[in-house]
Amino acid sequence: MKLHCRMLAGLLSIGMLAASLSGCGAGGNDHRRIIRIGHNQATDHPTNIALVAFEEYIESKLGDKYNVEVYPSELLGSQTDMVQLTQTGAIDFCVASNSILETFSENYTLFNLPYLFASAEAYHMSMDDTEIADPIFESTKQAGFEAVTWIDAGTRNFYTVSTPIETPADLKGLKIRVQQSPTNVEMMRLLGGSATPMGFGEVYTALQSKVIDGAENNEMALTSNGHGDVCKYYSYDMHQMIPDILIGNCAFLDGLPEDERAIFEEGFELVNSVEREEWVKAVEAAKNKAENEQGVSFLYPDTKPFQEICESMHASMLEQYQDLKPIYEKIQEYNAQYPSEAE
Ligand code: GCU
């Protein structure tokens with residue numbers, strides 16, 4: 001399966017399928033433009049449910065012109081592969097973690113900062129505020145893609161095979177998988193663990209074979225990706241709220257006639273709202289399953305010591321990327337309005 005996925009991604013990236021990707025339908029009399037959307041989650045995940053809602057919406061309005069195809073489970077490759085495919089127009093859309101986008105535009109660094117948002121409300125309000133999101137979402141236009149909406153991916157926390165994490169000191173000497181972004185590697189360095197960057201699809205095997213001692217993610221990784229079969233401790237240190245981002249190829253988006261573009265924009269809003277609604281239910285179900293069927297213990301450490309260690313990253317980021325300062329300040333206003341429940 002893995003080989004098949006990689007081969008497919010390889011074929012796509014070298015453009016061998018360019019003819020079919022550039023717009024013909026399934027053959028015969030079907031002249032509809034195929035729109036390909038890739039992501040790395042399973043079919044029962046909120047992201048997939050939302051994209052299928054998008055598919056249905058676009059086809060209900062423009063079904064004579066477009067045939068939308070959603071490819072889940074890394075079928076089109078890793079997130080990094082899929083971003084590159086979207087960039088060149090080999091596919092039209094994909095979902096990538098904000099972490100991955102940091103290597104395509106440094107502006108995305110902002111949303112990867114540990115403890116950037118004081119609460120889920122502050123996070124949601126900030127991401128919904130176009131003054132905050134737009135300058136970042138539009139920053140990759142030159143590179144050929146742009147963000148069309150954000151997708152909630154909850155809060156990231158540490159989980160380990162056999163070591164309960166109660167304080168940052170417990171991370172010492174542990175190999176922890178992080179997403180491939182400089183910010184995440186730096187965060188782990190400060191917290192004292194050993195950062196092991198790798199793609200999402202490789203994490204389960206790495207945990208099982210003890211190449212790594214743990215990882216960090218939202219609760220869905222325990223169930224939807226089976227990590228809770230191997231990892232028995234999940235610690236709510238709440239270090240990041242990193243959104244997923246739906247990105248689209250600029251040439252495709254800019255080429256849409258105005259009336260069709262308006263329908264696509266409604267579709268993007270639908271992705272956001274359906275996913276957020278599904279997310280709340282999915283996380284609750286994941287927690288139940290992890291606790292009751294997989295035997296995962298949920299721990300609630302004091303988050304302050306973790307937060308204090310990461311604090312210096314805010315000042316260094318602002319110093320390095322001064323243009324991001326006004327956006328950072330705007331987020332602080334939401335933080336003041338919606339403070340952490342722990343305070
Ligand atoms: C979450 C997130 C994905 C990301 C994954 C990861 O599942 O929604 O976009 O790829 O974490 O840790 O890589």
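Is serine 73 buried, partly exposed or exposed, and at what relative accessibility? Serine 73 counts as partly exposed, at 38% relative accessibility. Here buried means under 20% relative accessible area, exposed means over 50%, and partly exposed lies in between (1.4 Å probe, protein chains only).

1. Basis of the note. This is a predicted model, in which local features need pLDDT of at least 70 and side-chain atom pairs count only at pLDDT 80 or more, while totals for chains, interfaces and linings use all residues. Residues are numbered from 1 along each chain as its sequence is written, and side-chain values use heavy atoms, with hydrogens and water left out.

2. Overall build. The protein has 16 helices and eleven strands. Its radius of gyration is 20 Å, close to the 20 Å that the globule rule gives for 343 residues, so the protein is as compact as a globular protein of that length. The radius is taken over C-alpha atoms, and the rule is 2.2 Å times the number of residues to the power 0.38. Helices (H or I, at least four residues) and strands (E, at least two) are DSSP runs, numbered from the N terminus. Along the principal axes, the C-alpha trace spans about 65 × 45 × 35 Å.

3. Packing and surface. Of the 343 residues, 55% are buried. Contact means heavy atoms within 4.5 Å. Among contacts with a separation of 6 or more, 74% are between residues 24 or more positions apart. The accessible surface comes to about 14,700 Å², and carbon and sulfur atoms hold 51% of that area. These areas come from the Shrake-Rupley method with a 1.4 Å probe; for residues, only the protein chains shown count as cover.

4. Charges. The protein carries 23 positive and 52 negative charges, and their mean positions are 6 Å apart. Lys and Arg count as positive, Asp and Glu as negative; His and the chain ends are not counted. Each charge is placed at NZ of Lys, CZ of Arg, CG of Asp or CD of Glu.

5. Lysine 65 and glutamate 260. The structure holds eleven salt bridges, each defined as a side-chain nitrogen of Lys or Arg within 4 Å of a carboxyl oxygen of Asp or Glu. One of them joins the side chains of lysine 65 and glutamate 260 (2.7 Å, N to O). Lysine 65 sits in the loop between helix H3 (46–62) and strand S2 (66–71) and glutamate 260 in helix H13 (residues 258–292), so the pair ties together parts 195 residues apart in sequence. Lysine 65 is partly exposed at 37%. Glutamate 260 is buried, at 6% relative accessibility.

6. Arginine 276 and aspartate 128. These side chains also meet in a salt bridge (3.0 Å, N to O). Distant parts of the chain are linked here: arginine 276 is in helix H13 and aspartate 128 in helix H7 (residues 120–128), 148 residues apart. Both ends are partly exposed, with arginine 276 at 21% and aspartate 128 at 41%.

7. Within helix H13. Lysine 281 forms a salt bridge with glutamate 278, with the closest N and O atoms 3.3 Å apart. The two are three residues apart in helix H13, so about one helical turn separates them.

8. Tryptophan 150. This residue lies in strand S4 (residues 145–151). Tryptophan 150 is buried, with a relative accessible area of 2%. Its C-alpha atom is 6.4 Å from that of asparagine 272, 122 residues away along the chain. Aspartate 244. Strand S10 (residues 244–249) holds this residue. Aspartate 244 is buried yet has no salt bridge; arginine 156, the nearest side chain of opposite charge, is 6.3 Å away. Leaving aside neighbours within four places in sequence, the contacts of aspartate 244 include Gln41, Ser97, Asn98, Thr149 and Trp150.

9. Backbone points to check. Most residues other than glycine have a negative phi. Serine 73 is not a glycine, yet has a positive phi of about 55°. Serine 73 is in the loop between S2 and helix H4 (79–88). Methionine 238 is not a glycine either, and has a positive phi of about 60°. Methionine 238 lies in strand S9 (residues 233–240) and is partly exposed at 32%.
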